Amino acid sequence: MATYPIKSCYRVEAKAAEVEPWGLAGDRRWIVVDDEAKLITQRVWPAMGRIRPRCDDRGLVLQAQGAVRLEVPFPSGATAEVRHFHQWIAATSAGDVVDQWVSQVIGRSARLFYLDDPTRRTINPEFGNPDDRVSFADDYPLLLANEASLYAVNDWLAEDGDEPIAMTRFRPNVVVAGAPAWAEDDWIGRRVVIGDVAFRVPKPCSRCVLTTIDPETGEKGEQPLRVLGRHRRFPGGLMFGLNLIPDVRGKIAIGDEVAVL
């Protein structure tokens, strides 16, 4: 189980997590933008993966190799509009000191903002309800992946003479085990219950170039998109994993039973 406190930066792993209407607690509530307040991601700036955040009750603690440890309290004060892909969202600046730290670590001018109120952002109306909300995740509150499907991808990579990849390439929040490879294709439009928390499954997840970046090294290659292009190409894109929308608040943990309704 993993969260990504700052969108497109390093993950935080945990044995349990609180489920909120807009995703796992603390997941993608912070965003890095450029001088024009537009989103910066690892898709075009792999050095963002150097930032290793940790959440605490006061905000974030930021670490990166070669940089001083920095405590970032939850910011307060006036909001400003930041651009998340095609949508402008009101968020709060972390301040000049934090911006300087982030800029130095990733090697370009950048600013850090916090989404103090996730109810400001509505989910994609094509697949969600009008009252569904989402943080700074791409489109949906959570991402689920099937362990067996990763094994299938790695078998295809081995056939091509390529090295296996870790599940972290796909940046899921939740990984399930015990189902056959690609069983999740049949869960779309249904509900998945993890422990006592039910989630709607609106659609599969179309994968982008971010999956070609090793989150541990920042190195970029061609896989797994090349192999997904041969085996998992659908009208909506190259698919791996499922988007989830929580029905209720609750808590999920490693070892919870998973049921498909």
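Modeller: On a 1 Å grid over the protein atoms alone, a cavity is a set of points where a 1.4 Å probe fits but cannot get out, and its lining residues have an atom within 4 Å of a point. This is a predicted model, in which local features need pLDDT of at least 70 and side-chain atom pairs pLDDT 80 or more, while totals for chains, interfaces and linings use all residues. Residues are numbered from 1 along each chain as its sequence is written, and side-chain values use heavy atoms, without hydrogens and water.

Biologist: What is the volume of the largest cavity?

Modeller: The count gives one cavity of 30 Å³ or more. Volume is the space filled by probe spheres set on the points, which are joined across faces, edges and corners. For the largest cavity this comes to about 40 Å³.

Biologist: How many residues in the lining of the largest cavity are charged?

Modeller: The lining consists of Q42, T168, R169, R171, L210, I213 and P215. Asp, Glu, Lys and Arg count as charged. Besides three nonpolar and two polar residues, the number of charged ones is two.

Biologist: Is V72 buried or exposed?

Modeller: V72 lies in strand 8, residues 70–73 (a strand is a DSSP run of E, at least two residues). Leaving aside neighbours within four places in sequence, V72 has contacts (heavy atoms within 4.5 Å) with W30, R58, G59, L60, L62, A94 and V98. Its relative accessible area is 1%, so V72 is buried (under 20%; exposed is over 50%, partly exposed in between, with a 1.4 Å probe and protein chains only).

Biologist: Why do the rings of W30 and F74 count as a pair, and of which kind?

Modeller: The whole structure holds six aromatic pairs (Phe, Tyr or six-membered Trp ring centres within 6.5 Å; planes under 30 degrees apart are stacked, over 60 edge-to-face, the rest tilted). W30 is in strand 5 and F74 in the loop between strand 8 and strand 9, so the pair ties together parts 44 residues apart in sequence. Their centres are 6.2 Å apart and their planes at 20°, so the pair is stacked.

Biologist: Which residue forms a tilted pair with F74?

Modeller: F74 is partly exposed, at 36% relative accessible area. The tilted pair has 5.1 Å between centres and 40° between planes, and the partner of F74 is Y114.

Biologist: Which residue lies over the face of Y10?

Modeller: A charge sits over a ring if NZ of Lys or CZ of Arg is within 6 Å of the ring centre and within 35 degrees of the ring normal. At 3.8 Å from the ring centre of Y10 lies R52.

Notes: Helix = DSSP H or I, 4+ residues; strand = E, 2+ residues; numbered from the N terminus. 1 Å grid on protein atoms, 1.4 Å probe; cavity = no way out; pocket = protein on both sides within 12 Å on 5 of 7 lines; lining within 4 Å.
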